[in-house]
Amino acid sequence: MSKKPSTKKATKKAVSAVVVEATTADVGLSYDEMLNELEAIVVEADVRLAEEEASL
């Protein structure tokens, strides 16, 4: 008799459109500011990835 592997479904958190709209409306970043933020996120991700690879 084979066992069926148990699967757990990830629960998704619903975010109301009102919260998302209010959050994005308050920020008001220009294109250059958004690009700088994105570049900073990528740099941080690269650093974390390098740290993870170094610890393996």
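Tyr31 is exposed, with a relative accessible area of 62%; exposed means over 50%, buried under 20%, and partly exposed in between (1.4 Å probe, protein chains only). This residue of the predicted model lies in helix α2. Helices (H or I, at least four residues) and strands (E, at least two) are DSSP runs, numbered from the N terminus.

Tyr31 also belongs to a nonpolar surface patch of about 680 Å², together with Leu29, Met34, Leu35, Leu38, Ile41 and Val42. Patches consist of residues with over 30% relative accessible area and no salt bridge; nonpolar side chains (Val, Leu, Ile, Met, Phe, Trp, Tyr) are joined within 5 Å, and like charges within 9 Å.

## The salt bridge

Side chains of opposite charge can pair when their charged atoms come close. Glu44 and Arg48 form a salt bridge at 3.7 Å, N to O (a side-chain nitrogen of Lys or Arg within 4 Å of a carboxyl oxygen of Asp or Glu). The whole structure contains 1 salt bridge.

Both Glu44 and Arg48 are in helix α2 (residues 31–55), where they stand 4 residues apart, about one turn of the helix. Glu44 is partly exposed, at 45% relative accessible area.

## The chain as a whole

The protein chain has 2 helices and 0 strands. Of its 56 residues, 0% count as buried. Accessible areas come from the Shrake-Rupley method with a 1.4 Å probe; for residues, only the protein chains shown count as cover.

## Basis of the values

Residues are numbered from 1 along each chain as its sequence is written, and side-chain values use heavy atoms, leaving out hydrogens and water. In this predicted model, local features need pLDDT of at least 70 and side-chain atom pairs count only at pLDDT 80 or more, whereas totals for chains, interfaces and linings use all residues.
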